[in-house]
Amino acid sequence: MNLHELVKTAGFREGFLLPVPQYEAWTRRRESGAFAPQTGWIEADAASAYPWANALLLLIWAYAPLAPEAVLSGYYPASHQSYLAMQALRGQLAEEGVRTERAAVPVKTILVDWGLGTRLDSDLIYLPGCGTRFVVQALMAALPAEQLTFTPKGAPFTACVHCNRCRRACPGGAIGPNGYDWRKCLRAYEEGPAMPEWVMEKLICLLGCEVCQNVCPLNHFMAPRPMTAAEEAAFDLEKLLSGDLKPALELIGKNMRKGGKLTAQAAVLAANQNRTDLLPLLKAQTAQSEGDLKETLLWAISHLQKEA
Ligand code: SF4
Ligand code: SF4
């Protein structure tokens with residue numbers, strides 16, 4: 001088995017093999033509330049969570065950004081593709097008798113600690129060759145001794161040129177002189193259908209906010225790509241609000257249906273694009289919704305009725 005070759009054939013830009021990581025400082029910071037609640041799924045201690053594993057395989061999936069006018073974050077289609085590639089790789093490793101499991105570890109902190117990436121003022125992680133546009137899939141693995149050649153630890157480095165473009169452009173004011181505050185970042189509110197009003201007012205893109213990545217000069221070596229015809233059709237707001245989510249979920253993964261967040265974000269985007277033509281669909285969705293999703297739909301309707 002040639003692990004490096006398997007990783008490359010699966011479509012990953014890079015595969016970093018590291019010892020089972022330790023990150024006590026990260027866990028202490030999480031306990032103090034330094035990170036968004038989405039980090040709750042990460043294990044506090046990898047060694048006790050995966051006692052059978054002897055390595056962490058970090059799989060780097062590089063992707064081209066979508067053009068700034070796209071209504072979709074390019075991260076999610078890439079994330080889904082990388083997930084499928086990771087599952088295929090797991091299948092091949094299983095055939096070689098290698099046990100793997102998805103690793104719930106703080107991958108970006110680990111990349112920085114190992115000297116492979118560096119944290120920018122925007123709190124994004126920069127990887128040489130990828131900028132900030134990459135997805136990490138992480139596997140804990142029990143590899144045979146002859147495969148345990150770890151990626152050499154790099155020296156810490158900096159890449160941020162402190163140009164303040166991200167700080168000036170951030171719609172939530174999340175990047176300040178004292179660092180990044182997740183509470184003011186739109187991305188922190190994309191996990192469910194409930195969004196604070198200030199987030200709904202500023203949302204211009206489905207499933208994320210790309211502003212700090214788009215303005216960062218460290219990403220400017222990458223040419224953006226237009227949305228594909230399939231993406232255009234799947235993420236058409238009329239289609240999403242009519243309840244036809246299937247083509248979109250095929251591109252971004254079924255778990256993105258969770259809690260109605262895609263419908264909620266489509267509703268908010270429709271409101272911010274002044275799509276009064278979609279009011280009947282929004283009303284129909286509201287009639288069959290409840291809880292947080294219904295509240296978000298009602299916000300979108302009231303926003304559009306003010307415009308009508
Ligand atoms: S936009 Fe400028 S300040 Fe912000 S992360 Fe990029 S290089 Fe650093
Ligand atoms: S993702 Fe958007 S809201 Fe969050 S820090 Fe970047 S620009 Fe600001």
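**Figure 1. The largest nonpolar core of the predicted model.** In this predicted model, the largest nonpolar core holds 85 residues, and the members that touch the most other members are Leu58, Leu59, Ala267, Val268 and Ala270. Helix H12, which spans residues 261–272, gives the most to this core, contributing 8 residues. The core draws at least three residues from each of domain 1 (3–147) and domain 2 (172–208 + 228–307). In soluble globular proteins, nonpolar side chains tend to be buried together. In the chain as a whole, buried residues make up 38% of the 308 residues.

**Figure 2. The surroundings of valine 268.** Leaving aside residues up to four places away in sequence, valine 268 touches Met195, Met200, Leu203, Thr296 and Ala300. Val268 is also one of the residues that touch the most other members of the largest nonpolar core.

**Figure 3. Glycine 15 in its strand.** Glycine 15 has its place in strand E1, which covers residues 14–18. Because 20 other C-beta atoms lie within 10 Å, glycine 15 counts as buried. When residues up to four places away in sequence are not counted, glycine 15 touches Leu3, His4, Val7, Leu57 and Leu59, and Leu59 is itself among the residues that touch the most other members of the largest nonpolar core. Glycine 15 and cysteine 166 are 151 residues apart in sequence, and their C-alpha atoms are 29 Å apart in space.

**Figure 4. The shells around the two ligands.** Ligand 1 is surrounded by 14 residues, of which the closest are Leu120, Cys160, Cys163, Cys166 and Cys216. By class, this shell around ligand 1 divides into 9 nonpolar, 3 polar and 2 charged residues. The residues that surround ligand 2 include the cysteines Cys170, Cys185, Cys209 and Cys212, and also Ser122, Pro171, Arg187 and Val211. The shell around ligand 2 has 9 nonpolar, 2 polar and 1 charged residues.

**Figure 5. Two residues with positive phi.** Asparagine 164 has a phi near 70 degrees, which is a positive value in a residue other than glycine, and asparagine 164 is found in the loop between strand E6 (134–142) and helix H6 (165–169). With 12 C-beta neighbours inside 10 Å, asparagine 164 counts as exposed. Leucine 207, although not a glycine, has a positive phi of about 60 degrees, and leucine 207 lies in the loop between helix H7 (197–202) and helix H8 (211–215). Because 23 other C-beta atoms lie within 10 Å, leucine 207 is buried.

**Figure 6. Where the two domains meet.** The chain is divided into domain 1 (3–147) and domain 2 (172–208 + 228–307), and the C-alpha centres of domain 1 and domain 2 lie 27 Å apart. Contact between them involves 14 residues of domain 1 and 15 residues of domain 2. On the side of domain 1 that touches domain 2, the residues divide into 8 nonpolar, 4 polar and 2 charged.

Figure 7. The chain has 14 helices and 8 strands. Its radius of gyration is 21 Å, close to the 19 Å that the globule rule gives for 308 residues, so the chain is as compact as a globular protein of that length. Taken along the principal axes, the C-alpha atoms of the chain fill a box of roughly 65 × 45 × 40 Å. Among contacts between residues at least 6 apart in sequence, 77% join residues at least 24 apart.

Technical notes
Residues are numbered from 1 along each chain as its sequence is written. Chains are lettered from A and ligands numbered from 1 in the order in which they are written. This is a predicted model: local features need pLDDT of at least 70, side-chain atom pairs count only at pLDDT 80 or more; totals for chains, interfaces and linings use all residues. Helices (H or I, at least four residues) and strands (E, at least two) are DSSP runs, numbered from the N terminus. The radius of gyration is taken over C-alpha atoms; the globule rule is 2.2 Å times the number of residues to the power 0.38. Two residues are in contact if their C-beta atoms, placed from the backbone, lie within 7 Å. A residue is near a molecule or strand if its C-beta atom, placed from the backbone, lies within 6 Å of it. Ala, Val, Leu, Ile, Met, Phe, Trp, Tyr, Cys and Pro count as nonpolar, Asp, Glu, Lys and Arg as charged, and the others, Gly among them, as polar. A nonpolar core is a set of buried Ala, Val, Leu, Ile, Met, Phe, Trp, Tyr and Cys residues joined through C-beta atoms within 7 Å. Domain bounds come from an automatic or database domain assignment.
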